[in-house]
Amino acid sequence: MYPSEQKNHPRRVPHSCTLNPAEYEKLGSYALIGLPASYETRFIEPNEMKTKYSIVIGGDNFGCGSSREHAPVSLGAAGVAAVVAESYARIFFRNSVATGEIYPLESEVRICEECKTGDVVTIELAESRLINHTTGKEYKLKPIGDAGPVIEAGGIFAYARKTGMIPSQSG
Amino acid sequence: MASSSSFIANKKDLGLSALSSTSSPFSIPKCRKSISKKIVSVMAPQQSERKPATTGSVKIAMTMTEKILARASEKPQLSPGENVWVNVDTLMTHDVCGPGSIGIFKREFGDNAKVWDREKIVIIPDHYIFTTDERANRNVDILRDFCLEQNIKYFYDIKDLSNFKVNPDYKGVCHIALAQEGHCRPGEVLLGTDSHTCTAGAFGQFATGIGNTDAGFVLGTGKLLLKVPPTLRFVMDGEMPDYLLAKDLILQIIGEISVSGATYKSMEFVGTTVESLNMEERMTLCNMVVEAGGKNGVVPADSTTFKYLEDKTSVPYEPVYSDEQARFLSEYRFDISKLEPLVAKPHSPDNRALARECKDVKIDRVYIGSCTGGKTEDFMAAAKVFLASGKKVKVPTFLVPATQKVWMDVYSLPVPGSGGKTCSQIFEEAGCDTPANPSCGACLGGPKDTYARMNEPMVCVSTTNRNFPGRMGHKEGQIYLASPYTAAASALTGYVTDPREFL
């Protein structure tokens, strides 16, 4: 689990805008690359593509900046399963849902200050709960709301196929 | 061309068959004619007493944004919070997100799939153009291949990077090109793979930025699932002082409500001041709606809008306007005469300060460009300040016209009060850099060889839209966002400067 109090500015993902889908893994290696040097424990070790941390705890307005999908996609490519933040920037949230890359969850209170990198954390989706096993504290999460059906289906395409909006994919 | 089917009742379903309840408590059955239906309650706090309409069936008053989405989703009525499938009138993409969107389109719909409508897609290379970066160049090639394959009608291509003028199709910055080429029309839905797509709201349409996956979806279907946003209303009255520009107005607002103050909301701009703004100034206003977290911005269409569109589009359009009794989440009022030139200090667009209070901030350069501050009117404004001063700039001053048209205007339009001089002449006399190739330029950094990119830590006053760390290239760069007046004034002194020093 990786707490980041800063608003994640997606624009800090450099030049990855020119990577094509085949370079998805490489994109992952850029996740959270813009964090200042004060973050001694880096999100991704140098020369690695994936992160050890599958859950990111964020502050408020997480993802603020641009409309680029690279932000949630790079997190997903790096191995993040979910982000738990106080609040999200609109486009980041929407892109997370549409791509199905990461599960964007909202906490009731600001959690990032009470957690430390490396804490072992579980998210009980059905119960909207986050449990920090290292500190023993539990936090309530906000219900996913309207985005739920889209995320559950696996993103906008899966949802559209499921609801008959577009035909199923043929081989 | 705009769909006007919102009030067509489906006779087949009328009244008799059970209307299935949907999960949303706010949806109102689609087929209502003279049969009165229950009015469902709404969630937003009411601003005023709701009076029944006088025209037959009782309807809930809607805001502009709600009306546009209602029409586009073929529903008679919509309320904030509803998720609806919306018909898209225009989809825009550029060199940075186009390849990704195309990849997703092919992956999901098949390699041989065809786009939903070859005339409703506008593909505009503009971000990383004038560079030797191979990947950036490859992006434009990918766009070209796709446009050829799909016979896309509007592709503003560039092949010869050494001279933008020999590329007859090339335009430049997408949001300005969309407006100049007549793709923005009142009442329509415009989606683009760029967060500043909200700029087009200046034309009284619903315009917002989307990601590649959503864009890939629209490419194949011409529709998207959108959540109807509630609207914040910003009323600006009073005569615009001659030292203020629309940039100051939007910086004032963002400073007031913060970068998350309008998250998932629509921002509607009305009032006598707004009515007095020309189209490019209205575009500046709507452009930075996303910096407040906003979903879209709108300015009601009026004679200024219609006049601008006269020579640009022959596609019929139908403007919509907020009902008098429409409910707004909040209303903010500004007395413009009390406002002063502003800056947004590093490192956030809501870090508002008076320009005059930053007069001790020494700067290293000035950048005038981008969709926010690189339009014809923006250069005219900067020229006005240089003209008034008559002196030379004290720091490197970079000028990047947004589009080919803007570049031509800079070189041909006479600046009022100058005795017939063009902007370019005034800029040259002031010692500015020669106006550069039209594109997004260094607003967002770009590949290392991008003109005016910040490759070392420096302090820059910029007419652009974001000042996050690393935005213009260097992580430790300090960017002060400002109006073209303030930027020009700062260039003349070498410090952040209130333009009233010269105007």
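Residues are numbered from 1 along each chain as its sequence is written, and chains are lettered from A, with ligands numbered from 1, in the order in which they are written. Because the model is predicted, local features need pLDDT of at least 70 and side-chain atom pairs count only at pLDDT 80 or more, while totals for chains, interfaces and linings use all residues, and side-chain values use heavy atoms, with hydrogens and water left out.

**The six-stranded sheet**

Select chain B and find the open sheet whose six strands follow the order β13-β12-β17-β16-β14-β15, with mixed pairing. Strands (E, at least two residues) and helices (H or I, at least four) are DSSP runs numbered from the N terminus, and two strands pair if DSSP finds at least two bridges between them. At the edges stand β13 (352-354) and β15 (397-400) of chain B, each with a single partner strand, so one side of each has no neighbour in the sheet. From one strand to the next, the twist averages 25 degrees.

Now select β14 (residues 365-369) of chain B, which is joined to β15(B) by four bridges, the two strands running parallel; here Val366(B) stands opposite Thr397(B).

Next, show helix α6 (residues 246-257) of chain B, which lies across β12 (342-344), β13, β16 (459-462) and β17 (478-482) of chain B and runs at about 55 degrees to β12(B). Helix α14 (residues 484-493) of chain B lies across β12, β14, β15, β16 and β17 of that chain, at about 150 degrees to β14(B). Contact here means heavy atoms within 4.5 Å, and axes are lines fitted to C-alpha atoms, for helices over the stretch in contact, with angles from 0 to 180 degrees between N-to-C directions.

**The five-stranded sheet**

Move to the open sheet of five strands in chain B, ordered β4-β3-β2-β5-β6 with parallel pairing. Its edge strands, β4 (154-155) and β6 (206-209) of chain B, each pair on one side only. Two bridges join β3 (residues 121-124) of chain B to β4(B), and Ile123(B) stands opposite Phe155(B) there.

Most residues other than glycine have a negative phi, and most peptide bonds are trans. Select Pro346(B) and His347(B), whose peptide bond is cis, with omega near -5 degrees; His347(B) is in the loop between β12 and β13 of chain B.

Then select Asn151(B), which is not a glycine but has a positive phi of about 55 degrees, in the loop between α3 (134-150) and β4 of chain B. Ser258(B), also not a glycine, has a positive phi of about 80 degrees and sits in the loop between α6 and β9 (266-270) of chain B.

Finally, go to the second largest pocket, with a volume of about 780 Å³. Of the 36 residues that line this pocket, the closest to its centre are Phe93(A), Asp146(A), Ala147(A), Lys227(B) and Tyr264(B). A pocket is, on a 1 Å grid over the protein atoms alone, an open set of points where a 1.4 Å probe fits, with protein on both sides within 12 Å along at least five of seven lines, and lining residues have an atom within 4 Å of a point; the volume is the space filled by probe spheres set on the points, which are joined across faces, edges and corners. The largest share of the lining, four residues, comes from α3(A).
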